[in-house]
Amino acid sequence: MAHKVILFLILAFTVQVSANPLLLELAGRRGGGGGASFTVTGGSATNYYTEASVDYVAHVFTASDDLVITGEVDVEILGVGGGAGGGSTFRNDFALKQGGGGGGGEVTEDIATLSAATYAVVVGAGGIGSVSGGANPWYGATGGSSTFNGVSYVGGGGGSSWIRDNAKNGASGGGAVGSYTGGTGTVGSQGDGGDGSGYGAGGGGGAGGDGGDGVSTQGGNGGAGLASTYKDGSSVNYAGGGGGGSYGVVGPGTGTDGGGGAGYNGNGAAGTANRGGGGGGGCRNNAATTQHNGGAGGSGIIVVRYVAP
């Protein structure tokens, strides 16, 4: 009798699976024996988490590497470009004042279906800050692009140094000095850099907003970044702008969402690694003679996540 009951239950489950396309698809993706029909390897870390009642696996790339896939898998991708460097207080023919904040890198969430292959992942470097009296006194360097699956996520635009034209364009624009204009954000609705005014330099634009304009002797704050949960399920803001420097006693602008703050009578702070924020501008008060450098931008990041099999 017990054997008949077991046989009946097996037959009933088989009929249920055969009649339910969702269960058939699930059984196929799991290979029929409990294992997934694809494998994914690579990255600096692999995170497992639950978001909105869905279990995810996320491969996090904080440095360039390969993602290796067997089978086929639908993925979601976070791409963040490198932040730009901030401007310095000095150019070779002037011994003056303050630097603009660097712009944040591009932040984009994509979807793709990936087939079996080895995919190169490039994580964009942060742009170096402008060096007072050095080889790059004019601007902070543009952030490097992150790339994956044929898509580039570009870097932010460099902040300018006293006094050198408008700041650089980029995914988010760099902050300017003097009477010049901040750089333009070239990706979607990402932010422009702040304008300079008097002795206050503009803050770098962020992925989520414009950098603040400089005002008199106050540097502008960096623009806001954009949030993503792809890395580990928690909300992280990426690619904020660096703070603009100032000349005087009021003070520098602050960095935002991974962007570095401008130095107070010092070098600008670097953007946070793997968040794509811009570097802070150099800052000098009116009692000092030492010149100061812009901070480097923060490196970018690539995250590839998929529903856990």
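In this predicted model, D66 is in contact with T41, G42, G43, F61, T118, Y119 and A120, its neighbours within four places in sequence being left aside. D66 belongs to strand β4, which covers residues 65–70. The relative accessibility of D66 is 36%. D66 therefore counts as partly exposed, since that class lies between the 20% and 50% limits. A117 is 51 residues from D66 along the chain. The C-alpha atoms of D66 and A117 are separated by 10.0 Å.

E76 sits in strand β5, residues 73–80. Its side chain makes a polar contact with the side chain of R305, at 2.7 Å. R305 is also among the contacts of E76 once neighbours within four places in sequence are set aside. Y230 is 154 residues from E76 in sequence. In space, E76 and Y230 are 8.0 Å apart, C-alpha to C-alpha. E76 has a relative accessibility of 22%, so E76 counts as partly exposed.

S161 lies in a loop, between β9 (151–153) and β10 (226–228). The relative accessible area of S161 is 1%, and S161 is therefore buried. The cut-off for that class is under 20%. Two polar contacts of the S161 side chain are described here. One joins the side chains of S161 and S130, at 3.1 Å. In the other, the side chain of S161 reaches a backbone atom, the nitrogen of S88, at 2.9 Å.

Most residues other than glycine have a negative phi. A239 has a positive phi, near 60°, and is a residue other than glycine. D257, also a residue other than glycine, has a positive phi near 50°. A239 is found in the loop between β11 (236–238) and β12 (301–307). D257 lies in the loop between β11 and β12. The accessibility of each residue was also computed. A239 has a relative accessible area of 0%, so A239 is buried. D257 has a relative accessibility of 21% and therefore counts as partly exposed.

Note on methods: Residues are numbered from 1 along each chain as its sequence is written. This is a predicted model: local features need pLDDT of at least 70, side-chain atom pairs count only at pLDDT 80 or more; totals for chains, interfaces and linings use all residues. Side-chain values use heavy atoms; hydrogens and water are left out. Helices (H or I, at least four residues) and strands (E, at least two) are DSSP runs, numbered from the N terminus. Buried means under 20% relative accessible area, exposed over 50%, partly exposed in between (1.4 Å probe, protein chains only). Contact means heavy atoms within 4.5 Å. A polar contact is a pair of N or O atoms within 3.5 Å; within protein, one must be able to donate a hydrogen and the other to accept it, and residues adjacent in sequence count only if both atoms are side-chain atoms.
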